[in-house]
Amino acid sequence: MNVVNHSIRRSFVFFLVPDFTMIAFATALDPLRSANRMLGYEAYRWRLASIDGKPVRASNGVECAVNTSLEDERKKMSGPERPNMAVVCSGINVERYQNRSAFAWLREEYNRGVAIGGLCTGAHILAAAGLLSNKRCAIHWENLPGFSEAFPKANVFADLFEIDQNIYTCAGGTAALDMMLKLIGDDFDDNLVNRVCEQVLTDRVRSPTDRQRLPLRARLGVQNSKVLTIIELMEANLSEPLSLIEIADHVDLSRRQIERLFRTEMGRSPARYYLEIRLDRARHLLIQSSMPVVEVAVACGFVSASHFSKCYRELYARSPQQERVDRKQLLVA
């Protein structure tokens, strides 16, 4: 019979940022509740905070009431109510979030030995606060291109979650569940983790390095291993695109064989497919960053801004500049 260690008690502050992702927040919080229920005592406590103590609207439109403001949290920082971990909950439009007071609070908590976490796009806020230089971190795959360009000193990975000393980051969605189960397992044991898994109807704890996105085979509906290898090569070489000859050498096929395979499997030429994935990355950078258009063009392997604009307009029926204007109008609306 397992003996529960009642001396383990950990407190959390979940700091809610406007447009935070509800699924990441819920799958981070509820395992703590389940663990308490399984343990029979309050091992984990939490409170919710916002900048001003007012409710915060999630990206799904649901407003969430909070317990404290940052002013309240600063008062608690030197007393018995100081948390063990402060977790930033954010989501879409994170690149717009610029709040020096929040950044300073995160640094103060970290400098006092409080663990700092980021859910979904939370790594963006931690990096803006100066906490991720030379740190491993994870962020949602959709935000990874813009994050990498904005914060080159952060070691970002397309993993489910990353733990680097006192910094915890996860890619959002159900990855928050995996990160919290890892934390619960470190505090207690696999038996408790398994019981929590049974409660939340998940059959396993995923590894931190499990992929965020579906495998290419499932995502694209492609079975040919050579085509999948070529696409992986393309996705790994966007800023300095490989020539078709270089790709052919990598996969031991002729140019003609590659052309034929892509026509059959992807319905277009390899050059066209390569262009489309470079433009997709460019679109993410235009939406998520303030990089000048010419720098976006270079980052995506285009030799000139004019060529980039021409290709972008052909695919998306608007210019890169118009993409930015439309995005800003959508955010203001």
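User: Buried means under 20% relative accessible area, exposed means over 50%, and partly exposed is in between; which of those is Arg318?

Analyst: This is a predicted model, and in it Arg318 has a relative accessible area of 25%, which means that Arg318 counts as partly exposed, since that value falls between the 20% and 50% cut-offs.

User: Where does Arg318 sit, and what is it in contact with?

Analyst: Arg318 is in the loop that runs between helix 14 (305–316) and helix 15 (320–332). Once neighbours within four places in sequence are left aside, the contacts of Arg318 are Arg283, Tyr312, Arg313, Glu323 and Asp326. With Glu323 there is also a polar contact between the side chains, at 3.2 Å.

User: And Ser319, buried or exposed?

Analyst: Ser319 has a relative accessible area of 13%, so Ser319 is buried. Ser319 belongs to the loop between helix 14 and helix 15, and its side chain reaches the backbone nitrogen of Gln322 at 3.0 Å. Not counting residues up to four places away in sequence, Ser319 touches Tyr312 and Arg313.

User: Let me step back to the whole protein. How many helices and strands are there, and what does the C-alpha trace span?

Analyst: The protein has 15 helices and 11 strands, and its C-alpha trace spans about 70 × 50 × 35 Å along the principal axes. Of its 333 residues, 51% are buried.

User: How far apart are the mean positions of the positive and negative charges?

Analyst: They are 3 Å apart, taking the 43 positive and 39 negative charges of the protein.

User: Which residues of helix 9 are buried, and what covers them?

Analyst: The buried residues are Val227, Leu228, Ile230, Ile231, Leu233 and Met234. Their cover includes helix 8 (216–220) and helix 10 (244–251), along with helix 11 (255–265) and helix 12 (270–288).

User: Now Tyr44. Where is it found, and is it buried or exposed?

Analyst: Tyr44 is found in strand 2, residues 44–50. Its relative accessible area is 0%, and therefore Tyr44 is buried.

User: What does Tyr44 touch, and which side chain does it join in a polar contact?

Analyst: Not counting residues up to four places away in sequence, Tyr44 touches Arg10, Phe12, Leu32, Ala35, Asn36, Leu183, Ile184, Asp187 and Phe188. The polar contact is with the side chain of Asp187, at 2.8 Å. As for Arg10, it is 34 residues from Tyr44 along the chain, while the two C-alpha atoms are separated by 5.0 Å.

User: One more area: what is the phi of Asn93, and what is the phi of Cys120?

Analyst: Asn93 has a positive phi of about 65°, although it is not a glycine, and Cys120 likewise is not a glycine but has a positive phi of about 65°. Asn93 is in the loop between strand 6 (85–89) and helix 3 (100–111), whereas Cys120 is in the loop between strand 7 (115–119) and helix 4 (122–128). Asn93 is buried, with a relative accessible area of 13%, and Cys120 is buried too, at 6%.

User: What about Thr21, where does it lie and what does it touch?

Analyst: Thr21 lies in the loop between strand 1 (10–16) and helix 1 (22–39). Leaving out residues up to four places away in sequence, Thr21 touches Cys120 as well as Ser59, Ser90 and Gly91. The relative accessibility of Thr21 is 17%, so Thr21 counts as buried, the cut-off being under 20%.

Methods: Residues numbered from 1 in each chain as written. Predicted model: local features only at pLDDT ≥ 70, side-chain atom pairs only at ≥ 80, totals over all residues. Heavy atoms only, no water. Helix = DSSP H or I, 4+ residues; strand = E, 2+ residues; numbered from the N terminus. Buried < 20%, exposed > 50% of the residue type's maximum accessible area, 1.4 Å probe, protein only. Lys, Arg positive; Asp, Glu negative; His and termini not counted. Charge placed at Lys NZ, Arg CZ, Asp CG, Glu CD. Contact = heavy atoms within 4.5 Å. Polar contact = N/O pair within 3.5 Å; in protein donor to acceptor, adjacent residues only side chain to side chain.
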